[in-house]
Amino acid sequence: MVSGLLDRIGPEGSYVGFDVHRPSVEWCRRRHARDLRCRFELARLDSPYATLRGRPVEQYSFPVADGAADFVLAKSVFTHLLPAEAKRYLEEIRRALSPGRPAMITGFLFAADGRTGMGRSRYFTCADPAGRYRWRSPLRPRSAVAYERGWFERMVEEAGLRVQWLSPGFFPGDAESLAGQDVLILGH
């Protein structure tokens, strides 16, 4: 994705990428070493994919200044975050994003069952007692996480953002529509 984004930002733009997976960060640094517009950072967060244990998510800030990002992309990130982490990432997106500029995130969202509030899914078999989020593996909850759509949208609003557009992809519980992650455009 970096090459395509660099084409769009032009010669004066810059790109900051960060991830918890050290080998991926190191690969990007090698691959784009000659392009001075790029910077790749290792996010020092506790994560099932991290090779370095660092600060808890509540203390972590994205490696960009307040309001400095013209575009934030979080592709397949929220699918691996538990609620406290997701809330913090949404707050950081709000902090880093320039006013009037978009953030594009992906995730797994589901509609709650009207009777139980749980939402059923053969893909996400574990659930919190309140039915707000589900996960796939009882041993590795962060391997795949899904959120009840209304609850996730409230987290977005509490972070000072709003959902400007949503393209449904998966909606766990609807076994007929396994089509990929839901795509959301967020803004201030």
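Reply: Let us begin with one term: a contact means heavy atoms within 4.5 Å. Please keep in mind that this is a predicted model. Of the contacts in the chain with a separation of 6 or more, 59% are between residues 24 or more positions apart.

Me: What does the secondary structure of the chain come to?
Reply: There are four helices and nine strands.

Me: How much of the chain counts as buried?
Reply: The chain has 188 residues, and 40% of them count as buried. As for the accessible surface, the total is about 10,500 Å², with 51% of that belonging to carbon and sulfur atoms.

Me: Why is Ala86 called buried?
Reply: Buried means under 20% relative accessible area. Ala86 has 0%, so the word applies. This residue sits in helix H3. Leaving aside residues up to four places away in sequence, Ala86 touches Phe78, Leu81, Tyr147 and Met155. Ala86 and Phe152 are 66 residues apart in sequence, while their C-alpha atoms are 9.0 Å apart in space.

Me: What makes strand E4 largely enclosed by the rest of the structure?
Reply: Strand E4 covers residues 103–110, and it is described that way because seven of its eight residues are buried.

Me: How do you know that E4 pairs with other strands, and which way do the partners run?
Reply: Two strands pair if there are at least two bridges between them. Now take the partners in turn:
- E3 and E4 run parallel and are joined by three bridges; Leu73 stands opposite Met104 in E4.
- E7 and E4 also run parallel, with three bridges; Phe110 has Glu148 in E7 as its bridge partner.
- E9, residues 182–187, pairs with E4 in the antiparallel sense over five bridges; Thr106 has Val183 in E9 as its bridge partner.

Each of these counts meets the cut-off of at least two bridges, so E4 is paired with E3, E7 and E9.

Me: What makes E1 and E2 a pair, and which unit do they belong to?
Reply: The cut-off is again at least two bridges. Five bridges join strand E1 (residues 15–19) to E2, and the two run parallel. Phe18, for example, stands opposite Glu41 in E2. Together with helix H2 (residues 22–31), E1 and E2 make a right-handed β-α-β unit.

Me: How do you know that there are zero disulfides?
Reply: A disulfide needs a pair of cysteine sulfur atoms within 2.5 Å. The closest cysteine sulfur to that of Cys28 is in Cys38, and at 8.7 Å it is too far for a bond. Seen from Cys38, the nearest cysteine sulfur is that of Cys28, so Cys38 is in no disulfide either. The search of the whole structure finds zero disulfides. As for burial, Cys28 has a relative accessible area of 17% and Cys38 has 16%; each value is under 20%, so both count as buried.

Me: Why is the pair of Phe62 and Tyr89 called edge-to-face?
Reply: A pair of aromatic rings is described by the distance of the centres and the angle of the planes. Ring centres must lie within 6.5 Å to pair, and planes over 60 degrees apart count as edge-to-face. By this rule the count comes to eleven aromatic pairs. For Phe62 and Tyr89, the centres are 5.4 Å apart and the planes make an angle of 80°, so the pair is edge-to-face. It links distant parts of the chain: Phe62 is in the loop between strand E2 and strand E3, Tyr89 is in helix H3, and they are 27 residues apart. Phe62 is buried at 8% relative accessibility, and Tyr89 is buried at 10%.

Me: And why is the pair of Tyr133 and Tyr147 called tilted?
Reply: Here the distance is 6.2 Å centre to centre, with 35° between the planes. Stacked needs under 30 degrees and edge-to-face over 60, so this pair is tilted. Tyr133 lies in strand E6 and Tyr147 in strand E7, 14 residues apart. Both are buried.

Me: Which aromatic cluster includes these residues?
Reply: One aromatic cluster is formed by Phe18, Phe62, Phe78, Tyr89, Tyr133, Trp135, Tyr147, Trp151 and Phe152.

Note on methods. Residues are numbered from 1 along each chain as its sequence is written. This is a predicted model: local features need pLDDT of at least 70, side-chain atom pairs count only at pLDDT 80 or more; totals for chains, interfaces and linings use all residues. Side-chain values use heavy atoms; hydrogens and water are left out. Rings of Phe, Tyr and Trp (its six-membered ring) pair if their centres lie within 6.5 Å; planes under 30 degrees apart count as stacked, over 60 as edge-to-face and the rest as tilted. Buried means under 20% relative accessible area, exposed over 50%, partly exposed in between (1.4 Å probe, protein chains only). A crossover is right-handed if, with the strands pointing away from the viewer, the path from the first strand over the helix to the second runs clockwise. Accessible areas come from the Shrake-Rupley method with a 1.4 Å probe; for residues, only the protein chains shown count as cover.
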